[in-house]
Amino acid sequence: MARIDLQGVARTYDDFALQPTTLSLPDRSFTVLLGPSGSGKSTLLRLVAGLERPDAGRILLNGRDVTEAPAEARGVGLVFQEGALFPHLDVAANVAFGLRVRGEPARERVEELLRLVGLEGFGKRRVARLSGGERQRVALARALAPRPAVVLYDEPLASLDRALREDLREALRRIHDEAGLTSVLVTHDRDEALALADRLVLMREGAVVEEGEPRALFRGPRTAFTARFLGAANVVDGWLVPPDAVRVEADPQGDARVVARRFAGFHEEARVRLASGQEIDARGPVGSFPAPGSPCRVAWDLARAKRLSA
Amino acid sequence: MRRSWTWLLPAAFLLVFLAWPLLSFLRLAGPPAALGPWARGRLAASLQLGALTALLALLFGMPLAWLLGRHRFRGRKLLRALVTVPFVMPVVVVAGGLLALLGPRGYALRLLGHGFPFAGTYAALLVAHAVYNVPLVVRLVGDAWAHLDPRLEDAAATLGAGPWTRLRRVTLPRLAPALAAAATLAFLFGFTAFGTVLLLADPVKHATLEVAVYTEGIGVFDLPVAATLALLQLVFTFLAALAYAWLERRAAAQERPVDEATALAPLSAASRPLAALGFLVAALLLLPLLAAAVRALDTPAGWGLDAFLRVFHDQGALLYVPPLRALRNSLVFAAWTVVLAVPLGALAARAAARSGPLVDAAWMLPLGASAVTLSLGLLVVFPWRVGPWSLDLRASAALLVLVHALVAFPFVARAVTGPLRARDPALGEAARTLGAARWQRLLWIDLPLLSPALLVGAVLAASVSLGEFAGALILLRPENATVPAEMFRYLGETKPDPWLFPEAMALATLLMLLDVAVFAALERLRPGRAGGF
């Protein structure tokens with residue numbers, strides 16, 4: 001059981017402030033904090049981990065107030081960006097660290113974890129010799145070794161290339177499900193957020209903008225920020241228009257113009273500049289868009305557009 | 001990689017002016033068994049002084065290293081610069097300052113109203129060594145600390161490690177190379193101590209190997225015994241230098257340094273007491289220098305600049321040469337030292353950057369050979385005569401320039417090696433693909449990138465020359481005396497002239513200001529970090 005409650009948690013720095021934030025993250029949920037850099041998502045993570053103290057508010061783990069507890073007393077695992085592996089220890093000693101400081105036997109657990117993250121036999125390697133993906137796998141194994149009920153991830157995949165990222169993303173989700181963890185992941189990558197999250201929390205300028213189940217947020221964003229950041233819809237005159245509701249027809253008299261067209265396999269995407277100068281995205285079956293530079297007429301399906309509430 | 005022959009020049013220089021004189025001198029060495037009981041005790045005395053120096057430096061240096069290496073606060077840069085000052089001061093200045101504070105004519109005596117033993121005691125020696133080496137620890141360890149990724153301590157905390165465990169298992173192991181390097185250098189300072197022993201302690205009872213080489217070689221003129229002692233010192237110093245070079249490489253290889261801005265955090269309430277201790281240590285380090293300057297103004301004629309005026313007008317009544325002349329001599333020697341040591345050091349660094357720690361250690365050799373040994377060696381070889389040619393440099397001031405250049409050269413080499421090694425080879429390749437020829441790359445890429453390091457080397461060379469006095473003591477005719485040599489005579493003078501001490505302190509203050517000016521210029525000129533010491 002590991003439920004996380006944030007009650008009016010706030011933290012002010014010289015150049016940045018996290019606004020009072022209240023969130024409830026249920027047991028075994030996978031929450032993704034999504035937002036541009038400087039949105040406060042990493043600060044929120046560090047507060048939950050106990051690496052920072054809030055100026056106001058309370059943090060509860062399973063109903064227990066841990067606001068004043070230091071990181072080492074919380075039993076919350078944290079996977080850092082680029083791993084933050086101990087350079088003076090080998091792979092096995094890195095993974096064993098959390099067990100050693102508790103005086104627990106480590107050998108079998110280390111082997112089990114290296115197997116889990118697909119790094120069997122890497123125990124004796126020097127950390128400096130690992131590739132980016134291997135480093136993140138070791139960081140994951142290290143965080144999981146002391147069997148924390150809560151694991152936090154601070155942009156764990158940001159420094160990896162695309163194929164590795166997808167690979168490791170699946171591993172994260174699988175381990176989350178198998179171990180029954182409560183996970184919180186910070187990212188600025190919307191694909192990653194959509195693929196991993198049970199619950200999505202969008203943040204901007206130190207405050208939560210919107211939260212909810214990813215599909216619901218994608219289909220019905222309540223704010224223009226969410227719509228744009230998730231790439232779910234164009235925002236035109238206070239209306240949300242999904243790209244696949246936009247129809248573009250070649251018309252020599254049209255006042256719009258196709259700016260770019262991109263073939264994406266099963267479908268095609270286009271960017272169109274309206275008479276107002278605003279650019280919107282359109283998506284449709286292959287062959288539905290005129291060539292870039294063509295004048296055109298734009299219409300959208302009003303039934304699929306939505307009035308923006310905020 | 002292309003074969004390069006540039007290492008031949010520094011190598012030849014070392015061969016002719018270091019190896020040859022040294023070997024000629026050391027060849028005179030007898031078996032250690034032939035040493036008398038006093039001479040035999042010198043190795044133990046040197047080892048003991050080295051160990052105690054390192055211990056004191058770590059003990060008092062660590063709070064400051066932690067303060068500067070982990071925290072962001074107002075005045076941090078100033079504190080860091082101030083703490084470094086004692087380290088770059090000539091021995092005569094620090095020794096003079098300590099005497100002005102604690103000596104028989106010092107302020108402590110006036111305040112307490114009764115005397116206590118200081119000058120001539122082992123304690124005085126240890127205090128001076130602490131003043132010199134605490135800054136070394138603060139800079140080497142503090143700067144290393146400021147570039148260690150603090151997220152690793154965070155990671156350890158989330159894994160359940162408390163503050164003490166984090167320090168022991170995460171921080172100290174990563175600081176170990178810097179700690180060991182600082183300890184090694186502090187050890188060497190104590191092991192080869194010369195000026196501090198002569199000026200502050202009992203030169204017989206507390207004599208190190210270096211002092212003994214001087215007394216046996218110059219005082220008693222027993223060259224075989226002096227050579228045996230010098231050989232002993234050389235062996236130990238070389239081992240320590242080798243350890244240092246190796247440790248430094250390990251430090252560079254282990255962890256990617258992070259930006260200082262990410263590593264520093266504001267002072268927390270819990271860390272305030274330790275921070276206060278750090279400030280206290282810093283203040284104590286600067287106290288002797290302050291005392292020297294104050295004592296120079298505190299004259300028999302009341303408060304004022306009289307002592308300084310006497311320095312400029314004294315025609316050598318109290319001394320061997322007019323002080324103004326000594327000041328000029330010092331500057332001329334320093335200039336020649338820079339001219340000789342910087343190009344040689346740069347070429348040596350180039351060779352070291354391309355090869356192993358053994359080459360690093362080879363360039364450090366002159367440090368181990370020490371000014372006393374070098375001077376004696378040069379005196380042995382340079383009444384040189386082959387057929388009709390002869391070169392007798394014994395009476396020439398050129399010998400001193402050689403000694404200074406030899407002692408300064410490792411500092412230049414060390415200052416340049418690091419940046420040279422860290423240089424991104426892609427830059428040279430990029431320049432090549434853009435059509436830059438070898439000389440253009442040297443002029444437009446390498447030189448601008450290395451100029452901060454070269455500047456550091458030049459300043460270090462100048463300051464080594466300004467402060468060195470063992471060589472000046474041995475090699476110079478009185479009329480060529482440098483300020484430190486002059487100061488040494490001042491401080492050793494027993495004439496009961498009340499002007500003697502203020503005048504010595506005035507000279508010390510001038511030397512101090514000269515050094516501060518040189519280093520302040522350096523801090524302003526160099527962009528960012530360039531090399532260690």
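Biologist: How many helices and strands does chain A have?
Modeller: Chain A has 8 helices and 18 strands, where helices (H or I, at least four residues) and strands (E, at least two) are DSSP runs numbered from the N terminus. This is a predicted model: local features need pLDDT of at least 70 and side-chain atom pairs pLDDT 80 or more, while totals for chains, interfaces and linings use all residues. Residues are numbered from 1 along each chain as its sequence is written, with chains lettered from A and ligands numbered from 1 in the order in which they are written.

Biologist: What does the C-alpha trace of chain A span?
Modeller: About 80 × 45 × 35 Å along its principal axes.

Biologist: And what share of chain A is buried?
Modeller: Buried residues are 41% of its 310 residues. A residue is buried if 20 or more other C-beta atoms lie within 10 Å of its own, exposed if 12 or fewer, and partly exposed in between, with C-beta atoms placed from the backbone.

Biologist: What is the strand order in the open sheet of 4 strands in chain A?
Modeller: The order is β2-β1-β4-β5, with antiparallel pairing. Strands β2 (17–25) and β5 (64–65) are the edges, each pairing on one side only. Two strands pair if DSSP finds at least two bridges between them.

Biologist: Which helix packs on that sheet?
Modeller: Helix α1 (residues 41–49) of chain A does, touching β1 (4–12), β2 and β4 of chain A. Its direction makes about 120 degrees with that of β1(A). Axes are lines fitted to C-alpha atoms, for helices over the stretch in contact, and angles run from 0 to 180 degrees between N-to-C directions. Contact here means C-beta atoms, placed from the backbone, within 7 Å.

Biologist: Switching to chain B. What are the domains?
Modeller: Domain 1 is 1–26 + 326–533 and domain 2 is 31–299; the bounds come from an automatic or database domain assignment. Their centres, taken over C-alpha atoms, are 22 Å apart. The contact takes 38 residues from domain 1 of chain B and 43 residues from domain 2 of chain B.

Biologist: Which helix gives the most to the domain 1 side?
Modeller: α22(B), with 13 residues.

Biologist: Where does α1 of chain B bend?
Modeller: Helix α1 (residues 8–26) of chain B bends by about 40 degrees at B:L15, the bend being the angle between axes fitted to the seven residues ending there and the seven starting there. Its buried residues include B:F13, B:F17 and B:F25.

Biologist: Last one: why does B:R74 count as exposed?
Modeller: Because B:R74 has 8 C-beta neighbours inside 10 Å. B:R74 is in the loop between β1 (71–72) and α3 (76–88) of chain B.

Key. Two residues are in contact if their C-beta atoms, placed from the backbone, lie within 7 Å.
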